[in-house]
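I opened this model to look up a few packing details. My notes follow.

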Amino acid sequence: MKILYLHQHFQKKAGATRSYEFSKHFLQRGHDVTLITGTGKSERTEEGIEVLSTATKYNQKMSKGRRILAFGHFMLGSFWRGLTRRQVDVIYATSTPLTVGFIGLLLSKIKRIPLVFEVRDVWPDVPVQLGYITNPLLIQMLTKVEKMIYNEASEIIALSSAMKERIVAKGIAAEKVTVVENVANNDLVAKIEVQPCVDKELQQWIQDRFVVIHPGTMGEVNGLKHLLTVASHMKKDKHIGFLLIGEGSEKAALQEQVTAMQLENVKIVDGMAKESVFSVMKQCNIGAMSVKNERILWDNSANKFFDFLAVGLPVVLNYQGWQHEVLQESGAGRGFLYHDIAGYCEFLQDMAENEQSYHQAQVASKNLSKRYDVTLLSERVVNLLEKMIERKK
């Protein structure tokens, strides 16, 4: 089987993207993979993945107009590169943006081969409900494109059960939608040894505290002002600290807020390589998942949730939904409504002061990671593709 994989923001880094891990697994099962992306360069990786890049310039700090141009650039470039690939058996298109699915649909029609559409965020619902897309005509157009892709795709993969429910509510048959969450890369995490931080001040800061860590993007959607509010309520708990690692549009404002509120229990540091983040995480105590106060964001399946599980960190959420349910069921953490600051703080205090409760949550977190192990979920996807191709013969 030859798979044409479309992923605009693919990264060739261990543990950085499920597309990379899935592609490696497809190769191990004897299938060929050509991955078309907007990032990096065109090459053949050591594992044998053929990567074709459109060299599309894109970053989170771009204006809305520049992002639209970037999406258009990738659409044209990926369509042309996809047309040049011969003897392809299946198109695997992963969103976001929705335009990736549209190109996947066009290529599948021209080549007369099945399309598998992976939904990482339910578009256009998310940007519409967050107020990023307000034009009625654009919303109508995107909704029609979304429904067309769902109807024409042979299989749909959703990254959470909540996403599947939203898709099915749009009139799509439930049996057409398979849930495959993001992955916990347990083997990678096991191989990473704890190394002292290059920043000696950071290393000392971590060693002196029970640390709640949030690695990743510091954007508006991430709602990290909530974490600073929690930190302000816990100033008296000097042994509990909050560490934010990464970049993003809200980073400067968060740093200013830390200074203004005199939050000595908060540390904000620059982004670092994935391996270094894992090394730091292994020296921390709780993983924090944070989003702004919007119900639709509860459906997310962010990488860091599964990274926390792979490391064996208990997890605390400032929202509820499916992740809260699995944490509650397993004992690996808790989710709280956005405004339940008191409950959030009490949970952290209990974890920091009750050694037995904390150890039980650690064990539960690591056990939960096995449910989302990268090998297990990669196998689920490749089995789905193989059965689909067999049915089409």
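I started with helix α14 (residues 341-353) and helix α15 (residues 355-369), whose axes come within 5 Å and cross at roughly 100°. Axes are lines fitted to C-alpha atoms, for helices over the stretch in contact, and angles run from 0 to 180 degrees between N-to-C directions. The two helices are therefore roughly perpendicular (65 to 115 degrees). Helices are DSSP runs of H or I with at least four residues, strands are E runs of at least two, and both are numbered from the N terminus.

I listed the contact residues next (heavy atoms within 4.5 Å). α14 gives Asp 350, Met 351 and Glu 353, while α15 gives Glu 355, Ser 357, Tyr 358 and Ala 361.

The model is predicted: local features need pLDDT of at least 70, side-chain atom pairs count only at pLDDT 80 or more, and totals for chains, interfaces and linings use all residues. Residues are numbered from 1 along each chain as its sequence is written, and side-chain values use heavy atoms, without hydrogens and water.

Then I traced the open sheet. Its 8 strands run in the order β3-β4-β2-β1-β5-β6-β7-β8, with mixed pairing. Strands pair if DSSP finds at least two bridges between them. I found β3 (43-44) and β8 (177-179) at the edges, each pairing on one side only. β6 (residues 115-119) and β7 (residues 155-158) run parallel, joined by 4 bridges. Val 119 has Ala 158 in β7 as its bridge partner.

Last, is Lys 267 buried or exposed? Lys 267 counts as buried because its relative accessibility is 15% (the cut-off is under 20% relative accessible area, with a 1.4 Å probe and protein chains only). Lys 267 sits in strand β11 (residues 266-269).

Methods:
Parallel < 35°, antiparallel > 145°, perpendicular 65-115°, else oblique. Buried < 20%, exposed > 50% of the residue type's maximum accessible area, 1.4 Å probe, protein only.
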